[in-house]
Amino acid sequence: MPRAAVLGKPVAHSLSPVLHRAAYAAMGLDGWVYESFECDETGLWGFLETLDEDWAGLSLTMPLKRTALKLVDTVSELAVAVGGANTIITRGGRRHGDNTDVYGIVAALTEAGLGAPGSAVVLGGGATAASALAALAELGLTKAGLAVRNPERAAESVAAGERFGLSLRVGALDRLPDLLEADLVVSTLPGVAADPYAGQIAACGAALFDVVYAPWPTACAAAVEAAGGTVVSGFDMLLHQAVRQVELMTGWTGVPVEAMRAAGEAELARRASEAVLPEV
């Protein structure tokens, strides 16, 4: 019985089980099981030590992506360059770390008609920002803006951008308009952290890729849509990175993207409807 799972803390909100299970069902992989386990950095090694030959792989969410790099037997060049692995593939008792976030971002932007941005600015300086910078480089950019809370602490993100050949102009979020002469804004800020900048982002006329997918639309997405701009949700990134994970874990090609999309969208709609139901 092949097994896979998503690990993180918190993990109860993860859509990964819905997406992966939908893929298994559409592919006829009736014996495959996909679960979720809450696990932090201190518990990851112990969890990895429990894996046996039934395990095909793991999806990793925060805060495990950087820790995972130290705990696998081999790791892809991309994951090393990004500074984080969101995927572990197990084969023959060995663990291989990889990164499918970059693939997910490239696929999401390309699907939305944004596969060739002339310029871009990334908001945030964490692991997802590093993946976004790698994706922008893959899409052909050689320079980009990077807006962070404290530019003096952006060295790790700058180094990641430079590893992908990007020249970065770094600025503070509280002076965001200085960086907003761009075709595309990529917000990797968590939760509602980007809300204060919604008006500024909408006013610049750029398309928006917001990695947040729930609740949706975010304040930034709503403002950009109201201004007539193109918006890409973090769900599209999550969907496509999961497609790549299914490929890596199962060895299959032709993973059913639309079946996974439908299942994910249905689950998001269910959660949204439950969130607004009155208490009884």
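**View 1. Strand S3 is mostly covered.** S3 spans residues 55-60, and six of its six residues are buried. Buried means under 20% relative accessible area, with a 1.4 Å probe and protein chains only. Strands are DSSP runs (E, at least two residues), and helices are DSSP runs too (H or I, at least four), each numbered from the N terminus. This is a predicted model: local features need pLDDT of at least 70, side-chain atom pairs count only at pLDDT 80 or more, and totals for chains, interfaces and linings use all residues. Residues are numbered from 1 along each chain as its sequence is written, and side-chain values use heavy atoms, without hydrogens and water.

**View 2. S3 pairs with S1 and with S5.** Two strands pair if DSSP finds at least two bridges between them. S1 (residues 3-8) runs parallel to S3 over five bridges. Here Val6 stands opposite Ser59. S5 (residues 87-91) joins S3 in the antiparallel sense over three bridges. In S5, Thr87 is the bridge partner of Ser59.

**View 3. S5 also pairs with S6.** The sense is antiparallel, over five bridges, and S6 covers residues 94-98. Ile88 stands opposite Gly97 in S6.

**View 4. Six strands form an open sheet.** The order is S2-S1-S3-S5-S6-S4, with mixed pairing. S2 (33-38) and S4 (74-75) stand at the edges; each has a single partner strand, so one side of each lacks a neighbour in the sheet. Helix H10 (residues 234-250) packs on the sheet and touches S1, S3, S5 and S6. Contact means heavy atoms within 4.5 Å. The direction of H10 makes about 15° with that of S5. Axes are lines fitted to C-alpha atoms, for helices over the stretch in contact, and angles run from 0 to 180 degrees between N-to-C directions.

Definitions and conventions
Buried means under 20% relative accessible area, exposed over 50%, partly exposed in between (1.4 Å probe, protein chains only).
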